[in-house]
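Visitor: Hi, I'm new to reading protein models. Could you walk me through this one?
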Amino acid sequence: MAFQQSWRGLARQPLLLAFSLAALGTHLCGWALFAGAERVDSGVLAALLHLCGIALYGGSLIWMIEGFTLAGLAIARQQLIHWQELSPSECRHSGRLSLYLAYLAAALVAVALVTGVIWSLVLLLLPALSAAPALLGLIAALAVVISQIFGPCLVLDTRLRGTALFRQGVWLLEHHGPGLLLLCSGLVGLLMIPLLVGLLAEALISGLGLIATLVALVVVLPLITTTVTGAYVQLRPELQNNPAHT
């Protein structure tokens, strides 16, 4: 259902493609500045390019997440959205989004650290079972990511902060685990499209693969985000009524 709505929503809001192109282009420019600093002889200039690249890369990432989420929520609610609402100057949730992403990164780092400690102990005491901690750690990391798939939607659509956002994700995973797995599988399938398009284009015309991949990514990114926001809007009544919504 959410996948079908994303296609219809993109057809109703072609402006989202322009936003996708602008945001992705800015994001890639940040990466290019950072990578280009490695080829500069001057240490001061290289450091400046590194800082500018990191700032542009991180800022464009927050802009991209907020813009796509706002547009997706509007589309799911049958509302129109204008370019002014997607401009960087309208990023009113950048602080909360940045804090949320920091929490998410910290949770993943904690999973990795705990997995490393357990793996070291098992490797020392039970070498034959050394692969088990790594597998369990991977499953735990995937569970964290899947449970937080609606995190940006919750940040923009509610006043929840910190651990309350993660409690919502845990509640979702407990009550809608199979549905979330199906949704994530579909999103991974969408992410594979640019790669497959790029490989096919490269096979047909040498040097065309990267361009084809980027063009496909411009189309696929709005489909992914509108799919997520569409699923969120469908589950929103349940999320508002569950005990974790505090």
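Guide: Let's begin with a term: buried means under 20% relative accessible area, exposed means over 50%, and partly exposed is in between, using a 1.4 Å probe and protein chains only. Of the 246 residues of the protein, 40% count as buried.

Visitor: Where does the model come from?
Guide: This is a predicted model, where local features need pLDDT of at least 70, side-chain atom pairs count only at pLDDT 80 or more, and totals for chains, interfaces and linings use all residues. Residues are numbered from 1 along each chain as its sequence is written, and side-chain values use heavy atoms, with hydrogens and water left out.

Visitor: How many helices and strands are there in the protein?
Guide: There are nine helices and zero strands. Both are DSSP runs, numbered from the N terminus: helices are H or I with at least four residues, strands are E with at least two. The pattern along the sequence reads α-α-α-α-α-α-α-α-α.

Visitor: And what box do the C-alpha atoms fill?
Guide: Roughly 55 × 55 × 40 Å, taken along the principal axes.

Visitor: Let's talk pockets. How much space lies in the largest pocket?
Guide: About 900 Å³. Here is how a pocket is found. A 1 Å grid is laid over the protein atoms alone; a cavity is a set of points where a 1.4 Å probe fits but cannot get out, while a pocket is an open set with protein on both sides within 12 Å along at least five of seven lines. Lining residues have an atom within 4 Å of a point. Grid points are joined across faces, edges and corners, and the volume is the space filled by probe spheres set on the points.

Visitor: Which residues lie nearest the centre of the largest pocket?
Guide: Ile-65, Ile-149, Pro-152, Ile-224 and Val-228, out of 26 lining residues. Helices that give two or more residues to the lining include H3 (43-76), H5 (94-125) and H8 (163-204). H9 gives the largest share, six residues.

Visitor: What classes of residue make up that lining?
Guide: The lining has 22 nonpolar, four polar and no charged residues. Ala, Val, Leu, Ile, Met, Phe, Trp, Tyr, Cys and Pro count as nonpolar; Asp, Glu, Lys and Arg as charged; the others, Gly among them, as polar.

Visitor: New topic. How many salt bridges does a search of the whole structure find?
Guide: Two. A salt bridge is a side-chain nitrogen of Lys or Arg within 4 Å of a carboxyl oxygen of Asp or Glu. One joins the side chains of Arg-77 and Asp-157, at 2.9 Å, N to O. Arg-77 is in the loop between H3 and helix H4 (83-86), Asp-157 is in helix H7, and the two are 80 residues apart.

Visitor: What about the other one?
Guide: Arg-236 meets Asp-157 at 2.4 Å, N to O.

Visitor: Is Asp-157 buried or exposed?
Guide: Asp-157 counts as buried because its relative accessible area is 18%. Arg-77 is partly exposed, at 31%. Arg-236 is partly exposed too, at 24%.

Visitor: Which residues form a nonpolar patch on the surface?
Guide: Val-117, Leu-121, Leu-124, Leu-125, Leu-126 and Leu-129, with about 630 Å² of accessible area together. Patches use residues with over 30% relative accessible area and no salt bridge; like charges are joined within 9 Å, and nonpolar side chains (Val, Leu, Ile, Met, Phe, Trp, Tyr) within 5 Å. Areas come from the Shrake-Rupley method with a 1.4 Å probe, and for residues only the protein chains shown count as cover. Leu-121 is in helix H5 and is partly exposed, at 48%.

Visitor: Last one. Where does Glu-38 lie?
Guide: In the loop between helix H2 (15-36) and H3. Glu-38 is exposed, because its relative accessible area is 58%. Its C-alpha atom is separated by 8.7 Å from that of His-50, 12 residues apart along the chain.
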